[in-house]
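Here are a few exercises to work through with the model open beside you. Try each task before you read its solution.

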Amino acid sequence: MRIRSALTALAVVLAGLVASAGSSTAAGTTTTAAYCGITWGSAEKTAGALSGAPLVDVRTGRHDCYDRVVFEFAGPVDGYAIGYGETWTEGEGLALSPYTAGGALLRVSLRAPAYDDDHLGTVPYAVGEHVANLLRYPTLRDVVFGGSFEGYSTFAVGVRARLPFRVLVLAGPGTHSRVVLDVAHQW
(Lines give C-alpha, C1' and ligand atoms only; values in the text may rest on other atoms or scores of the structure.)
Protein backbone atom coordinates (compact mmCIF):
# COMPACT_ATOMS: atom_id res chain seq x y z
CA MET A 1 0.00 0.00 0.00
CA ARG A 2 2.82 2.40 0.87
CA ILE A 3 4.61 1.63 -2.39
CA ARG A 4 1.43 2.32 -4.39
CA SER A 5 0.95 5.71 -2.61
CA ALA A 6 4.58 6.64 -3.20
CA LEU A 7 4.35 5.67 -6.89
CA THR A 8 1.14 7.68 -7.29
CA ALA A 9 2.76 10.75 -5.69
CA LEU A 10 5.84 10.33 -7.89
CA ALA A 11 3.64 10.08 -11.01
CA VAL A 12 1.81 13.29 -10.06
CA VAL A 13 5.09 15.17 -9.53
CA LEU A 14 6.51 13.91 -12.84
CA ALA A 15 3.34 14.86 -14.70
CA GLY A 16 3.58 18.38 -13.26
CA LEU A 17 7.21 18.68 -14.32
CA VAL A 18 6.46 17.48 -17.86
CA ALA A 19 3.52 19.90 -18.17
CA SER A 20 5.54 22.88 -16.97
CA ALA A 21 8.45 22.02 -19.27
CA GLY A 22 6.29 22.86 -22.29
CA SER A 23 5.79 26.46 -21.11
CA SER A 24 9.36 27.15 -19.97
CA THR A 25 12.50 28.29 -21.69
CA ALA A 26 15.86 26.56 -21.50
CA ALA A 27 16.77 28.74 -18.51
CA GLY A 28 13.73 27.46 -16.63
CA THR A 29 11.70 30.67 -16.60
CA THR A 30 8.09 30.73 -17.66
CA THR A 31 7.44 32.62 -20.89
CA THR A 32 4.34 34.71 -21.43
CA ALA A 33 3.30 36.97 -24.26
CA ALA A 34 4.04 40.66 -23.66
CA TYR A 35 0.96 42.78 -22.95
CA CYS A 36 -0.09 44.26 -26.31
CA GLY A 37 3.43 43.45 -27.56
CA ILE A 38 4.85 46.16 -25.26
CA THR A 39 8.51 45.65 -24.36
CA TRP A 40 9.37 49.20 -23.22
CA GLY A 41 10.56 48.71 -19.65
CA SER A 42 10.53 51.25 -16.85
CA ALA A 43 14.14 52.50 -16.82
CA GLU A 44 14.91 56.22 -17.22
CA LYS A 45 15.01 57.51 -20.79
CA THR A 46 17.04 60.55 -21.88
CA ALA A 47 17.90 62.08 -25.24
CA GLY A 48 18.53 65.28 -27.13
CA ALA A 49 19.88 68.72 -26.44
CA LEU A 50 18.62 71.98 -25.00
CA SER A 51 16.37 73.98 -27.35
CA GLY A 52 14.98 77.50 -27.32
CA ALA A 53 11.63 76.50 -28.88
CA PRO A 54 8.97 77.10 -26.21
CA LEU A 55 6.38 74.66 -24.94
CA VAL A 56 2.94 75.70 -26.21
CA ASP A 57 0.57 72.85 -25.32
CA VAL A 58 0.16 69.77 -23.12
CA ARG A 59 -2.58 67.25 -23.85
CA THR A 60 -3.43 63.66 -23.03
CA GLY A 61 -5.06 60.72 -24.77
CA ARG A 62 -6.32 57.21 -24.04
CA HIS A 63 -5.41 54.25 -26.24
CA ASP A 64 -6.20 50.53 -26.07
CA CYS A 65 -2.88 49.54 -24.47
CA TYR A 66 -1.49 52.79 -23.01
CA ASP A 67 -2.25 56.35 -21.95
CA ARG A 68 -0.41 59.25 -23.59
CA VAL A 69 0.87 62.71 -22.64
CA VAL A 70 1.89 65.02 -25.52
CA PHE A 71 4.13 68.03 -24.99
CA GLU A 72 4.02 70.32 -28.06
CA PHE A 73 6.66 72.95 -28.87
CA ALA A 74 6.76 75.92 -31.28
CA GLY A 75 9.85 74.64 -33.10
CA PRO A 76 12.24 71.70 -33.07
CA VAL A 77 12.75 70.05 -29.67
CA ASP A 78 14.29 66.63 -29.03
CA GLY A 79 15.64 66.91 -25.47
CA TYR A 80 14.14 65.20 -22.44
CA ALA A 81 14.90 63.13 -19.33
CA ILE A 82 12.02 60.99 -18.04
CA GLY A 83 12.09 58.41 -15.27
CA TYR A 84 10.44 57.24 -12.07
CA GLY A 85 11.25 59.17 -8.90
CA GLU A 86 10.69 62.47 -7.15
CA THR A 87 9.99 65.57 -9.22
CA TRP A 88 10.97 69.04 -8.05
CA THR A 89 9.69 72.45 -9.10
CA GLU A 90 12.11 74.33 -11.35
CA GLY A 91 13.79 77.24 -9.61
CA GLU A 92 12.09 76.58 -6.25
CA GLY A 93 13.13 73.03 -5.38
CA LEU A 94 9.79 71.96 -3.88
CA ALA A 95 8.82 68.27 -4.12
CA LEU A 96 5.71 67.72 -6.26
CA SER A 97 4.85 64.27 -4.86
CA PRO A 98 2.53 65.58 -2.13
CA TYR A 99 0.44 67.32 -4.81
CA THR A 100 0.45 64.62 -7.51
CA ALA A 101 -2.11 61.79 -7.55
CA GLY A 102 -1.05 58.23 -8.35
CA GLY A 103 0.85 55.28 -6.96
CA ALA A 104 4.05 56.14 -8.86
CA LEU A 105 5.56 59.37 -10.13
CA LEU A 106 7.28 59.98 -13.47
CA ARG A 107 9.57 63.01 -13.40
CA VAL A 108 9.56 64.76 -16.75
CA SER A 109 12.30 67.25 -17.56
CA LEU A 110 11.94 68.81 -21.00
CA ARG A 111 14.99 70.53 -22.42
CA ALA A 112 13.04 73.56 -23.60
CA PRO A 113 11.45 76.56 -21.85
CA ALA A 114 7.78 77.25 -21.19
CA TYR A 115 8.34 80.93 -21.90
CA ASP A 116 9.22 83.06 -24.93
CA ASP A 117 12.19 85.38 -25.61
CA ASP A 118 10.54 88.10 -23.48
CA HIS A 119 10.21 85.60 -20.58
CA LEU A 120 6.43 85.54 -20.88
CA GLY A 121 4.79 82.18 -20.20
CA THR A 122 3.74 80.21 -23.28
CA VAL A 123 1.42 77.81 -21.41
CA PRO A 124 -1.45 78.88 -19.15
CA TYR A 125 -0.33 76.83 -16.12
CA ALA A 126 1.03 78.06 -12.82
CA VAL A 127 3.65 76.08 -10.91
CA GLY A 128 1.90 73.23 -9.10
CA GLU A 129 -1.20 73.39 -11.28
CA HIS A 130 -2.89 70.20 -12.54
CA VAL A 131 -2.92 70.51 -16.32
CA ALA A 132 -5.26 67.71 -17.47
CA ASN A 133 -8.58 66.10 -16.59
CA LEU A 134 -7.74 62.38 -16.37
CA LEU A 135 -11.12 61.02 -15.34
CA ARG A 136 -11.59 57.45 -16.65
CA TYR A 137 -7.94 57.03 -17.71
CA PRO A 138 -6.74 53.48 -16.92
CA THR A 139 -3.13 54.49 -16.11
CA LEU A 140 -2.64 58.27 -15.90
CA ARG A 141 -3.73 59.87 -12.62
CA ASP A 142 -2.28 63.40 -12.78
CA VAL A 143 -0.09 65.81 -14.75
CA VAL A 144 1.32 68.66 -12.66
CA PHE A 145 3.38 71.58 -14.00
CA GLY A 146 6.62 72.02 -12.06
CA GLY A 147 7.66 75.25 -13.75
CA SER A 148 10.28 76.38 -16.21
CA PHE A 149 13.71 77.72 -15.30
CA GLU A 150 16.89 78.36 -17.29
CA GLY A 151 15.51 76.65 -20.39
CA TYR A 152 14.16 73.50 -18.70
CA SER A 153 10.47 72.70 -18.08
CA THR A 154 9.37 70.16 -15.49
CA PHE A 155 6.24 68.07 -15.00
CA ALA A 156 5.22 65.41 -12.51
CA VAL A 157 3.14 62.68 -14.14
CA GLY A 158 1.25 60.56 -11.64
CA VAL A 159 0.45 57.02 -12.78
CA ARG A 160 -1.45 54.14 -11.19
CA ALA A 161 1.73 52.09 -10.56
CA ARG A 162 5.30 51.78 -11.84
CA LEU A 163 4.55 50.62 -15.38
CA PRO A 164 6.49 50.42 -18.66
CA PHE A 165 6.77 53.63 -20.65
CA ARG A 166 8.28 54.93 -23.87
CA VAL A 167 9.17 58.37 -25.18
CA LEU A 168 8.85 59.47 -28.81
CA VAL A 169 9.97 62.67 -30.52
CA LEU A 170 7.68 63.58 -33.42
CA ALA A 171 7.79 66.37 -35.99
CA GLY A 172 4.78 68.55 -36.67
CA PRO A 173 2.21 69.81 -36.97
CA GLY A 174 3.81 72.36 -39.27
CA THR A 175 7.06 73.67 -37.79
CA HIS A 176 6.15 72.39 -34.33
CA SER A 177 7.52 69.27 -32.65
CA ARG A 178 6.26 66.97 -29.90
CA VAL A 179 7.73 64.89 -27.10
CA VAL A 180 5.28 62.05 -26.48
CA LEU A 181 5.15 59.96 -23.30
CA ASP A 182 3.21 56.66 -23.47
CA VAL A 183 2.60 54.67 -20.26
CA ALA A 184 1.32 51.09 -20.59
CA HIS A 185 -1.84 50.01 -18.79
CA GLN A 186 -0.05 46.95 -17.38
CA TRP A 187 3.13 44.88 -17.63
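**Rings, charges and a sheet**

The charged end of arginine 166 sits over the ring of tyrosine 66, 5.3 Å from the ring centre. A charge counts as over a ring if NZ of Lys or CZ of Arg is within 6 Å of the ring centre and within 35 degrees of the ring normal. This is a predicted model, in which local features need pLDDT of at least 70 and side-chain atom pairs count only at pLDDT 80 or more, while totals for chains, interfaces and linings use all residues. Residues are numbered from 1 along each chain as its sequence is written, and side-chain values use heavy atoms, leaving out hydrogens and water.

**Exercise 1.** Find which ring lysine 45 lies over.

*Solution.* Start at lysine 45 and look for a ring face: the one it lies over belongs to phenylalanine 165, with the ring centre at 3.9 Å.

**Exercise 2.** Classify the ring pair of tryptophan 40 and tyrosine 66.

*Solution.* Step one is the rule: rings of Phe, Tyr and Trp (its six-membered ring) pair if their centres lie within 6.5 Å, and planes under 30 degrees apart count as stacked, over 60 as edge-to-face and the rest as tilted. By this rule there are 5 aromatic pairs. Step two is the geometry: the centres of tryptophan 40 and tyrosine 66 are 5.8 Å apart and the planes stand at 65 degrees, so this pair is edge-to-face. Step three is the location: tryptophan 40 is in the loop between helix 1 (2-21) and strand 1 (45-47), and tyrosine 66 is in strand 3, 26 residues apart. Helices (H or I, at least four residues) and strands (E, at least two) are DSSP runs, numbered from the N terminus.

**Exercise 3.** Decide whether tyrosine 66 is buried or exposed.

*Solution.* Buried means under 20% relative accessible area, exposed over 50%, and partly exposed in between (1.4 Å probe, protein chains only). Tyrosine 66 has 15%, so it is buried. Tryptophan 40, with 21%, is partly exposed.

**Exercise 4.** Work out the strand order of the open sheet of 4 strands.

*Solution.* Two strands pair if DSSP finds at least two bridges between them. The order is 2-3-9-8, with antiparallel pairing. Strand 2 (55-62) and strand 8 (165-171) are the edge strands, each pairing on one side only. Inside the sheet, strand 3 (residues 66-73) and strand 9 (residues 177-184) pair over 8 bridges.
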